[in-house]
Amino acid sequence: TISGDDITNLHSLHTITSVGSLFISCNDVLTNLDGLSNLTIVGNTCHTCFMSGLSIAGNPALTNLHSLSSLSRVEGSLQISNNDELTNLKGLEGITSIGAMLDITGNAKLTNIKALSSVATVGVLLLTSQSVLINDNPSLTRIDVLNEITSLRGELQIKNNASLTKIDGFSSLTKIQGERANVTITDNPLLTNLNGFAALDTILGTRRGGLITISNNASLTNLDGFSSLTVIEPGISGGLVISNNQALTEVDGLANFIRITSGGSFYLKVIDNPMLDRGCGLYPLLHNNGVGGGWCDSSTCPFITISGNGPNFTRESILSGGSCTPDCPINNTVVFAEISSSCSSPFSTTIIIPHPEANVMYTLRDNQDNRVVAGPSSGSEGFPTGQISETTTYNILARNSVTGCEVVLATLPVVSINSFPL
């Protein structure tokens with residue numbers, strides 16, 4: 001333990017290459033960790049201890065972690081908390097594995113955590129059954145790390161980060177399984193998307209685990225980041241809670257979510273989301289009586305609470321409304337421009353889409369064999385046909401780049417080549 005209000009440097013520790021656990025805490029005037037540049041491993045594997053591993057906490061003058069650049073592995077937990085002047089985690093780029101919990105909490109000026117991009121595995125602190133905590137960092141704007149992690153064995157918390165706008169990390173995470181297999185994303189007022197969780201498929205809880213909570217995220221408009229989620233299996237109790245998200249308008253991203261089952265208590269709660277008015281994303285779950293694994297009739301199931309949302313977001317309207325249909329391009333009328341040459345062959349022209357849609361890519365094709373002539377493009381500048389010497393019929397394939405829905409526009413543009421009399 002390194003702690004004291006008169007410690008100004010760690011230069012005397014320059015020979016240390018490994019240590020069981022290291023606590024650097026409550027050092028009022030310590031500004032850097034120079035002296036730990038040869039440290040490569042923090043090796044304590046006590047997962048049941050309240051804290052073992054590397055803890056850097058409560059150092060109000062600490063500005064950087066650069067001297068930890070040789071560190072590659074933390075066998076216990078890695079805790080970075082309550083360091084008021086720390087703006088980034090540069091120096092931790094070499095860490096590839098954390099044996100227990102990752103805890104990034106209460107760092108007032110921390111704006112990014114990109115230095116943790118090489119971390120491929122995170123374990124669990126057995127005493128609390130937690131794996132990742134990223135909480136109370138008011139300047140943190142983005143979470144774009146931990147993309148190599150495929151599974152977690154404990155709780156994932158992202159709470160009370162006042163400036164957080166995006167979660168792009170966790171992109172390979174497919175499963176959380178363990179005693180406290182929970183995902184808690186709450187009180188992040190600027191958070192607009194959860195896209196990093198696009199691969200998450202299954203939550204398997206034992207005892208207290210098996211709960212996803214998405215609450216009090218005032219700028220969140222959709223749950224598209226959970227598009228792969230299919231099953232939550234709680235232990236003693238759990239389920240899905242979506243509450244008090246003031247800007248949330250739809251839950252289409254939950255269209256693949258089909259089951260909440262448990263040996264104990266289970267529940268679905270969607271409450272007090274005032275703008276939430278589109279519920280088709282929950283239709284598969286309710287239609288198949290998925291809350292309870294099939295035996296609890298969704299029309300009357302007491303474990304389902306849907307209230308305080310938009311007027312069209314009720315249990316009854318979801319069950320009667322059917323499943324979501326992807327947004328598809330509109331069949332715009334297609335016209336084509338003047339032929340550029342009228343006296344000799346070959347000719348050329350430009351096919352025009354008068355009102356191209358946002359997020360739609362258009363491809364001009366020869367209608368005879370669907371050979372691509374031009375595109376794909378946004379359609380705003382039209383499509384040149386190239387040189388043609390005979391009447392040709394085209395079609396235009398339109399694809400919504402967000403939903404993936406494709407349609408062939410109804411109007412088939414025809415360029416007619418007429419022979420002039422001699």
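Predicted model: local features only at pLDDT ≥ 70, side-chain atom pairs only at ≥ 80, totals over all residues.
How many disulfides does a search of the whole structure find? The search finds two disulfides, a disulfide being a pair of cysteine sulfur atoms within 2.5 Å.

Residues are numbered from 1 along each chain as its sequence is written, and side-chain values use heavy atoms, with hydrogens and water left out.

**Figure 1. The protein chain as a whole.**
The protein chain holds two helices and 31 strands. Helices (H or I, at least four residues) and strands (E, at least two) are DSSP runs, numbered from the N terminus. The C-alpha trace spans about 100 × 55 × 30 Å along its principal axes. The radius of gyration of the protein chain is 28 Å, whereas a compact globule of 422 residues would have one near 22 Å. That radius is taken over C-alpha atoms, and the globule rule is 2.2 Å times the number of residues to the power 0.38. Of the 422 residues, 48% are buried. Buried means under 20% relative accessible area, exposed over 50%, and partly exposed in between (1.4 Å probe, protein chains only). The protein chain exposes about 17800 Å², and carbon and sulfur atoms supply 50% of this area. Accessible areas come from the Shrake-Rupley method with a 1.4 Å probe; for residues, only the protein chains shown count as cover. Among contacts with a separation of 6 or more, 70% come from residues 24 or more positions apart. Contact means heavy atoms within 4.5 Å.

**Figure 2. The disulfide of C280 and C324.**
The two sulfur atoms of C280 and C324 lie 2.0 Å apart. The torsion about their S-S bond is about 95°, so this disulfide is right-handed. C280 sits in the loop between β22 and α1, and C324 in the loop between α2 (315–321) and β24 (335–336). The pair therefore ties together parts that are 44 residues apart in sequence. C280 is buried, at a relative accessible area of 11%. C324 is partly exposed, at 23%.

**Figure 3. The disulfide of C296 and C301.**
Here the sulfur atoms of C296 and C301 are 2.1 Å apart. The link is right-handed, with 105° about the S-S bond. C296 is buried, with 5% relative accessible area. C301 is buried too, with 1%.

**Figure 4. The ring pair of F170 and F197.**
There are three aromatic pairs by the rule used here. The centres of the F170 and F197 rings are 5.4 Å apart and their planes meet at 10°, so this pair is stacked. Under the rule, rings of Phe, Tyr and Trp (its six-membered ring) pair if their centres lie within 6.5 Å; planes under 30 degrees apart count as stacked, over 60 as edge-to-face and the rest as tilted. The pair links distant parts of the chain, 27 residues apart. F170 lies in the loop between β14 (166–167) and β15 (175–178). F197 lies in the loop between β16 (182–186) and β17 (202–205). F170 is buried at 0% relative accessible area, and F197 is buried at 0% as well. Ring pairs join F170, F197 and F226 into a cluster.

**Figure 5. The ring pair of F266 and F303.**
The ring centres of F266 and F303 are 4.8 Å apart and the planes stand at 50°, so the pair is tilted. F266 belongs to strand β22 (residues 265–271), while F303 is in the loop between α1 (283–287) and β23 (304–307). The pair thus ties together parts 37 residues apart in sequence. F266 is buried, with 4% relative accessibility. F303 is partly exposed, with 30%.

**Figure 6. K269 over the ring of Y267.**
The charged end of K269 sits over the Y267 ring, 4.9 Å from the ring centre. A charge sits over a ring if NZ of Lys or CZ of Arg is within 6 Å of the ring centre and within 35 degrees of the ring normal.

**Figure 7. T261 and the residues it touches.**
T261 is in the loop between β21 (259–260) and β22. T261 is buried, at 17% relative accessibility. Leaving aside residues up to four places away in sequence, T261 touches I232, E233, P234, G292 and G293. T261 and R207 are 54 residues apart in sequence, and their C-alpha atoms are 13 Å apart in space.
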